[in-house]
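Take a look at the protein model below.

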Amino acid sequence: MKKEKFLLVMPDYSDFPKLFLENLEKEGFESYLITDKVSKFRYKGFESIKNFFIKNILRNKEYKQGLIKKHFLDELNKSLSAITEDLDYILVIRPDNFPIPFIKNLKNKTLRLIAYQWDGIEKFPEIKNYFSLFDTFFCFEKVESQANIKPITNFYFDHLPPAEKKYNTENPKLYFVGLYWKSREEKIDRFIDEVSGLSIELSIFIQYFKEPEKKNAQIQYIRNRISFQENLERVKDSDILLDFVDPLHNGLSIRFFEGMYYRKKVITDNIMVKNYDFYHPDNIFVVENDNYKNIEQFLKTPYFDLPEEIVKKYGFSNWIKEIIKK
């Protein structure tokens, strides 16, 4: 049977592209990849001299930026031209990381050009300029008055083996990794204060780009990103995943789906999770109305095993079928 050809276009973020390709190949696709990682820009001919004149004499700094943008577009188009076959599907993740002319060129290579925005729409509002370029545009947020946009949740990679670790009711390990932002810092500090007297092990990592003004002794601050594979190993080793919702997100983070697959509980302040079929109060504790005093009982309650059909529903295998469905 002839394999369908699938091009994935996405940011070169951690080891995400590798995991996508592995799961696509498990599903029987012949897969290709283009990322936003291109060769380093270098001046050609007299461009360096021209830039010096324009920058220093005319006080215009846009010339070099224009050259860099052109180089980026040219390199992307070169990667696309190297794929000589017609493609059955092209999926672009975070399309706003790529120039619009390149997205239009992708359309000439396939009958099904699909997008998935894995971040909030209002967090990156530039994405609104890309909606109409795709046959179908998926995001985990509800978007009104746009016919080609469809909602879809995040997922877990189901080509990876599930974890076997049993939930520890006596001294559970709580795990979180995420980027630093001010409102998250305040939430985490409050949470740590509230659970400090409980029998738990905290494993909290915050990646920062600018040194935080103050640091919490219970948090491990890191400069370098933890790879997705390393993160999954920490997920498997934990008992409870912590989730502090981004105020510019209107959906569920990937932590809920990893928690489902690896049989981990979740503590979150995202009240939206109560609307999903996998929500169970033994597995997911929603912080609301200052109900921190109820966490202790949640920690001592065993994990509730969800029906297999619900867990499978949120795996990559089912997710990709929904993505390419006409």
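Buried means under 20% relative accessible area, exposed means over 50%, and partly exposed lies in between (1.4 Å probe, protein chains only). Helices (H or I, at least four residues) and strands (E, at least two) are DSSP runs, numbered from the N terminus.

This is a predicted model: local features need pLDDT of at least 70, side-chain atom pairs count only at pLDDT 80 or more, and totals for chains, interfaces and linings use all residues. Residues are numbered from 1 along each chain as its sequence is written, and side-chain values use heavy atoms, leaving out hydrogens and water.

Which strands pair with E11? Strand E10 (residues 240-243) runs parallel to E11, with 4 bridges. Two strands pair if DSSP finds at least two bridges between them. Here Ile-240 stands opposite Lys-265. Strand E12 (residues 284-286) is also parallel to E11, joined by 3 bridges. Val-286 in E12 is the bridge partner of Thr-268.

## Enclosed spaces

Rolling a probe the size of a water molecule over the atoms shows where empty space is left. A cavity is a set of points, on a 1 Å grid over the protein atoms alone, where a 1.4 Å probe fits but cannot get out; lining residues have an atom within 4 Å of a point. Grid points are joined across faces, edges and corners, and a volume is the space filled by probe spheres set on the points. The whole structure holds 3 cavities of 30 Å³ or more.

Lys-265 and Val-266 are among its lining residues, as are Phe-256 and Tyr-303. Helix H7 (255-261) and strand E11 (265-268) each give two or more residues to this lining. H7 gives the most, with 3 residues. By class, the lining has 7 nonpolar, 2 polar and 2 charged residues. Ala, Val, Leu, Ile, Met, Phe, Trp, Tyr, Cys and Pro count as nonpolar, Asp, Glu, Lys and Arg as charged, and the others, Gly among them, as polar.

The second largest cavity has about 60 Å³ of space. Its lining includes Tyr-180, Trp-181 and Tyr-221. Helix H5 (182-195) supplies the largest share, 3 residues. This lining has 6 nonpolar, no polar and 2 charged residues.

## Charged pairs

Side chains of opposite charge can pair when their charged atoms come close. A salt bridge is a side-chain nitrogen of Lys or Arg within 4 Å of a carboxyl oxygen of Asp or Glu. By this rule there are 22 salt bridges.

| Asp-243 | Arg-255 | 3.1 Å |

Asp-243 lies in strand E10 and Arg-255 in helix H7, so their pair ties together parts 12 residues apart in sequence. Asp-243 and Arg-255 are both buried.

Asp-305 sits in the loop between helix H8 (295-300) and helix H9 (308-313), and Arg-263 in the loop between H7 and E11, so this pair ties together parts 42 residues apart in sequence. Asp-305 is partly exposed, at 47% relative accessible area. Arg-263 is partly exposed too, at 30%.

Glu-296 and Lys-300 both lie in H8, 4 residues apart, about one turn of the helix.

Notes: 1 Å grid on protein atoms, 1.4 Å probe; cavity = no way out; pocket = protein on both sides within 12 Å on 5 of 7 lines; lining within 4 Å.
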